[in-house]
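Here are my notes after a look through this one. Have the model open while you read; I go from the rings to the cores and then to the pocket.

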Amino acid sequence: MHALIVLSHPDPGSLTHAVAARIADGVVAAGHTATRADLAAEGFDPRFSDADLAAHRGRTAIPDDILAEQRRIDQADALVLVYPVYWWSMPGLLKGWIDRVFSNGWAYDDRSGDGIRKLLGRLPVHLVALGGADLRTYARHGYFGAMRTQIDHGIFDYCGAPVATTELMVDTDPGETAAAHLDTAHALGRRLFNDARSTRAA
């Protein structure tokens, strides 16, 4: 089975990149394959343009760069998003990727007049967010719940894509945080398709 790991961070030496690499290592160690899509390095344009709007309204074809992204997802058995938490959400680059790639007619369809058809039920999603605050801060202000409402439910449930895991990696012991996160990432990669199969069966 194949995992597409999409990451959004401008620094290739960041912990976000290291976590994505360890997830990929775990997937391979479990006998599967993984591709990392580095949106910053690839120069993905997150701006929702007039061409995207016209395609959304069914007036023109989907732009070629978006078709290429959709093909990458179509070839995957699981989608993993790895990103730092910016202002209690995902970075603008990753949100723009979702805005443009999860298009009407591919991720969902609301054009029939019979309600919304969710088109991504076959695609398990794994979310891995790296935060700078501690868990007490997230809990005290309800940030983690708000993020799950916005991302897990507001984006992926709208398309029917089951969120198999949501991992929030935050600061714990300054001397051990990075190593612990990398161990967690490798373990997530190793069990990725076990999680995917259980989600599909549910």
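1. Start with Trp97: it is buried, at a relative accessible area of 0%. Keep in mind throughout that this is a predicted model.

2. How many aromatic pairs are there by the ring-centre rule? The count comes to seven. Take Trp97 and Phe102: their ring centres sit 5.8 Å apart with the planes at 65 degrees, so this pair is edge-to-face, given that over 60 degrees counts as such. Phe102 is buried as well, with a relative accessible area of 6%.

3. Tyr108 and Tyr158 make another edge-to-face pair, at 5.2 Å centre to centre and 70 degrees between the planes. What I like here is the sequence span: Tyr108 belongs to strand β4 (residues 108-109) and Tyr158 to helix α7 (residues 143-159), so to speak distant parts of the chain, 50 residues apart. Buried or exposed, where does Tyr108 fall? Tyr108 counts as buried at 11% relative accessibility, because the limit is under 20%. Tyr158, at 34%, is partly exposed.

4. Back to the rings around Trp97. Ring pairs join Trp97, Phe102, Trp106 and Phe156 into a cluster.

5. Three of those names come up again in the largest nonpolar core. This core has 36 residues, and the ones that touch the most other members are Val6, Leu79, Leu81, Trp97, Phe102 and Phe156. At least two residues each come from β1 (2-7), α4 (64-74), β3 (78-84), α5 (92-101), β6 (125-130) and α7. Which element gives the most to this core? That would be α7, with five residues.

6. Phe156 deserves a click. Setting aside neighbours within four places in sequence, Phe156 is in contact with Leu81, Ile98, Phe102, Val125, Leu127, Ile151, Ala161 and Val163. There is also a second, separate core of 18 residues, with Ala3, Ala20, Met169 and Phe193 among them.

7. Now the largest pocket, with a volume of about 270 Å³. Its lining has 18 residues, and those nearest the centre are Ile98, Asp99, Phe102, Ser103 and Tyr108.

8. By class, the lining has eleven nonpolar, four polar and three charged residues.

Terms used. Residues are numbered from 1 along each chain as its sequence is written. This is a predicted model: local features need pLDDT of at least 70, side-chain atom pairs count only at pLDDT 80 or more; totals for chains, interfaces and linings use all residues. Side-chain values use heavy atoms; hydrogens and water are left out. Rings of Phe, Tyr and Trp (its six-membered ring) pair if their centres lie within 6.5 Å; planes under 30 degrees apart count as stacked, over 60 as edge-to-face and the rest as tilted. Buried means under 20% relative accessible area, exposed over 50%, partly exposed in between (1.4 Å probe, protein chains only). Helices (H or I, at least four residues) and strands (E, at least two) are DSSP runs, numbered from the N terminus. A nonpolar core is a set of buried Ala, Val, Leu, Ile, Met, Phe, Trp, Tyr and Cys residues joined through side-chain atoms within 4.5 Å. Contact means heavy atoms within 4.5 Å. On a 1 Å grid over the protein atoms alone, a cavity is a set of points where a 1.4 Å probe fits but cannot get out, and a pocket is an open set with protein on both sides within 12 Å along at least five of seven lines; lining residues have an atom within 4 Å of a point. Grid points are joined across faces, edges and corners, and a volume is the space filled by probe spheres set on the points. Ala, Val, Leu, Ile, Met, Phe, Trp, Tyr, Cys and Pro count as nonpolar, Asp, Glu, Lys and Arg as charged, and the others, Gly among them, as polar.
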